[in-house]
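Subject: Structure handover

Hello,

Here is the structure you will be working with. Please open it beside this email and follow along.

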Amino acid sequence: MRACAEVDLSAIRTNVARLSEVAGGAAMMVVVKADGYGHGMSEVARAARATGASWLGAAVLEEAIGLRAGGDTGRILTWLAVPGESYDEALGNDIDVTASARWQLADIVSSARRVRRRARLQLKVDTGLARNGASVDEWPLLLAAAADAQDRGEAVVTGVWSHFACADEPDHPANDSQEQNFRSALADVRAAGLDPEVTHLANSAGTLLRPSARFDLVRCGIAVYGLSPAPRTATAAELGLRPAMTLRTRLAAVRQVPAGQGVSYGWTHETPRPSSLGLVPVGYGDGIPRHASNRAHVQIGGVRTPVVGQVCMDQIVVDLGAVDARPGDEVVVFGAGDLGEPTAQDWADAAGTISYEIVSRLGGRIARRFVGQDGQ
Ligand SMILES: *Cc1c(COP(=O)(O)O)cnc(C)c1O
């Protein structure tokens, strides 16, 4: 096999258990959007359920429906749609859906009428992220419309929630103000006569670093996959998390070049001495960030070797140094880090991005293999 993302489902289980313990009495939602952050949505979902996740979170309707199609029977929340999208299938599948505005509530209610189901409705309020969620002006109008829909038996308001902007920076003043805004939005909810089953605000960083933000339910994504949501505050290991994904491939070629050889497109690297170069057959077409050119490392024969020259669409070149490597030898692009291999966080640092992007954008040419409990 050319390249394979190995996903350790026992690490997923351990991380979910760890987060549940941290969350105390709050229920656990495991967020599996974007194909489980690149780890495989259905497999992660099964591991999460087996460890007590009472909720799964999916960004878009088709992900939520995909979870049902894969046999999941628990609570699922979804939150992102465009005007005019049909909620028929989601409501028919008992998925909790989110309204951030009256237009969205109207779309949900018209589906509820069509499929003759009471929509399980959650309301999202913007407390400072300025992305979606009802604005201060929209919020009382949305609450009134939701209360009407509930009175008419077309919807039942199951939850009220919001999302943090800066939870990865625990001392950022936005956290206090968002939590305060959320508490005041909850007071509006009660004043509107609504009594939702769950209120929730915390993502992974909020769950781990801000006990006051846990409310009834926490929504954990990145930490489930064993990556730190706040790498400047605490590493994954310090948070008791284990990275679940190892990206493995094999050397496609090894060549000896003289000193002064320009390497890869643009000759952005020149060998300072006669060098042994290894060809690693993954590139930006597979999700390897081009911004990590000349900065990231891979592990070969137990040794970290630097990426030299530009990352190409299908391949990267590494300077093997003194490693006596041969074509076919294993290359660990990133992994849990406990055998000295680089981590997804190391690649994120090299590329000037976040670990979320490294794991979630791995392309369709990378095979996936599951190990650990539930895997082989
Ligand atoms: C992605 C997402 C999460 C999970 O965030 P992490 O930082 O990965 O824990 C939680 N809630 C919402 C609304 C999200 O979109």
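Predicted model: local features only at pLDDT ≥ 70, side-chain atom pairs only at ≥ 80, totals over all residues.

A residue counts as near a molecule if one of its heavy atoms lies within 4 Å of it.

**The ligand**

How many residues surround the ligand? There are 13, and the closest are Lys33, Tyr37, Ser204, Ile222 and Tyr356. Now look at the polar atoms. Lysine 33 places a polar side-chain atom 2.6 Å from an oxygen atom of the ligand. Isoleucine 222 uses its backbone instead: an N or O atom there lies 2.8 Å from a ligand oxygen. Glycine 221 has a polar backbone atom 2.9 Å from an oxygen atom of the ligand.

How much of the ligand does the protein bury? Alone, the ligand exposes 390 Å², and the protein buries 95% of that. The ligand takes up the space of the largest pocket.

**The salt bridges**

Side chains of opposite charge can pair when their charged atoms come close. The count here is 25 salt bridges.

Start with arginine 117 and aspartate 94. Their side chains meet at 3.1 Å, N to O. Arginine 117 sits in the loop between α6 (102-115) and β6 (119-124), and aspartate 94 in the loop between α5 (88-92) and β5 (96-99), so the pair ties together parts 23 residues apart in sequence. Arginine 117 is partly exposed at 32% relative accessibility. Aspartate 94 is partly exposed too, at 37%.

Next, find arginine 120 and aspartate 96. The closest N and O atoms of this salt bridge are 3.1 Å apart. Arginine 120 is in strand β6 and aspartate 96 in strand β5, so parts 24 residues apart in sequence are tied together. Are these two residues buried or exposed? Arginine 120 is partly exposed, at 26% relative accessibility. Aspartate 96 is buried, at 0%.

Then go to arginine 102 and glutamate 138, which form a salt bridge at 3.0 Å, N to O. Arginine 102 belongs to helix α6 and glutamate 138 to helix α7 (residues 138-151), so this pair ties together parts 36 residues apart in sequence. Arginine 102 is partly exposed, with a relative accessible area of 38%. Glutamate 138 counts as buried because its 15% is under the 20% cut-off.

Best wishes

Methods: Residues numbered from 1 in each chain as written. Heavy atoms only, no water. Salt bridge = Lys/Arg side-chain N within 4 Å of Asp/Glu carboxyl O. Helix = DSSP H or I, 4+ residues; strand = E, 2+ residues; numbered from the N terminus. Buried < 20%, exposed > 50% of the residue type's maximum accessible area, 1.4 Å probe, protein only. Polar contact = N/O pair within 3.5 Å; in protein donor to acceptor, adjacent residues only side chain to side chain. Areas by Shrake-Rupley, 256 points an atom, 1.4 Å probe, with all protein chains shown as cover. 1 Å grid on protein atoms, 1.4 Å probe; cavity = no way out; pocket = protein on both sides within 12 Å on 5 of 7 lines; lining within 4 Å. Sits in = over half its atoms within 2 Å of the grid points.
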